[in-house]
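Have the model open as you go.

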Amino acid sequence: MQNKWQALKTIDIKRFYTAAVLLLLVIVVGAMHNFWVLWAFLGIVYAGALYEATKLYLGKISSLSLLFGAILWAFALLIFFSPLFAFLALFFLLMCLASFQGFTKKGEIIYILPLLYPSIPFLLLLATYQQFGIASLFLLIAIVGCSDVFALLGGKLFGAHPLSPSSPGKTIEGALIGIGVATLIGGLFAYIWWVEVRFWQAILLALLCAIASVFGDLYESQLKRAAGVKDSGTLLPGHGGILDRVDGYLFAVIVFYPLFLWILA
């Protein structure tokens, strides 16, 4: 067991410093509680994530994918009126890109992928705020953050069985501990904050989002393995790139948004 505790010392301390700074930044943006501020903030994060995803998918930077991403985020302003408008704009852009490829015989199907991941999850993050308020985003952060942190700590202390070939460093024990803690904390958060949410609904929401966040992490790990890189970028000390930091949220929000919509309905 002593060796397990020693393993905690191998965690890069810069990881925690960076996480603390990012959390403070998110709290400041959240405290402003303003759609336009959040749109701008998420837009900056989205731009970095889209840039990294394009490199992972294509092995190079695609100006066409980045252009369509910029146009899409401009259309994301329509979420202020209705999330439906923004997603219709997304489908229109996908149709335009597909039509361009069909007409010119240039590009490959893979060029469309950056407009699916990470684009759709970022639209859902903004839609989650607009429809459910800032507390819903803090709930999502609590669930995924707890899952990440306690999976890391649990894996270091009790990990023995690799979770997936996509990410050999992660363990089944760590993932289960992370999911368990995230389910408990996220479930209590949702149950206490929203009086209309039943306890079993809160637990189910937190559990499914925590599980989704694990697979979001694994998917991004597989993208990096396929691209032959260790990290998606170098912007965040101790973490790597933007995608390395937000990968869990990008899958979790896909579960969170429709499930929370159903619960509050």
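**Exercise 1.** Work out how the axes of helix 7 (residues 134-158) and helix 10 (residues 242-264) cross.

*Solution.* The two axes come within 10 Å and cross at roughly 130°; axes are lines fitted to C-alpha atoms, for helices over the stretch in contact, with angles from 0 to 180 degrees between N-to-C directions. Helix 7 and helix 10 are therefore oblique to each other, since angles under 35 degrees count as roughly parallel, over 145 as roughly antiparallel, 65 to 115 as roughly perpendicular and the rest as oblique. Next, look at the contact (heavy atoms within 4.5 Å): helix 7 contributes Ser136, Leu139, Leu140, Ile141, Val144, Gly145 and Asp148, while helix 10 contributes Arg245, Gly248, Tyr249, Ala252, Val253, Phe256 and Phe260.

A word on conventions: this is a predicted model, where local features need pLDDT of at least 70, side-chain atom pairs count only at pLDDT 80 or more, and totals for chains, interfaces and linings use all residues. Residues are numbered from 1 along each chain as its sequence is written, and side-chain values use heavy atoms, with hydrogens and water left out.

**Exercise 2.** Find which residues of helix 6 (residues 119-132) meet helix 7.

*Solution.* Start with the axes, which come within 6 Å and cross at roughly 135°. That makes helix 6 oblique to helix 7. From helix 6, Leu125, Thr128, Tyr129 and Phe132 meet Ile134, Ser136, Leu137 and Leu140 of helix 7.

**Exercise 3.** Decide whether Ser221 is buried or exposed.

*Solution.* Locate Ser221 in helix 9 (residues 199-227). Its relative accessibility is 7%, so Ser221 counts as buried (under 20% relative accessible area; exposed is over 50%, partly exposed in between, with a 1.4 Å probe and protein chains only). Beyond its neighbours within four places in sequence, Ser221 is in contact with Ser166, Ser167 and Lys170.

Technical notes
Helix = DSSP H or I, 4+ residues; strand = E, 2+ residues; numbered from the N terminus.
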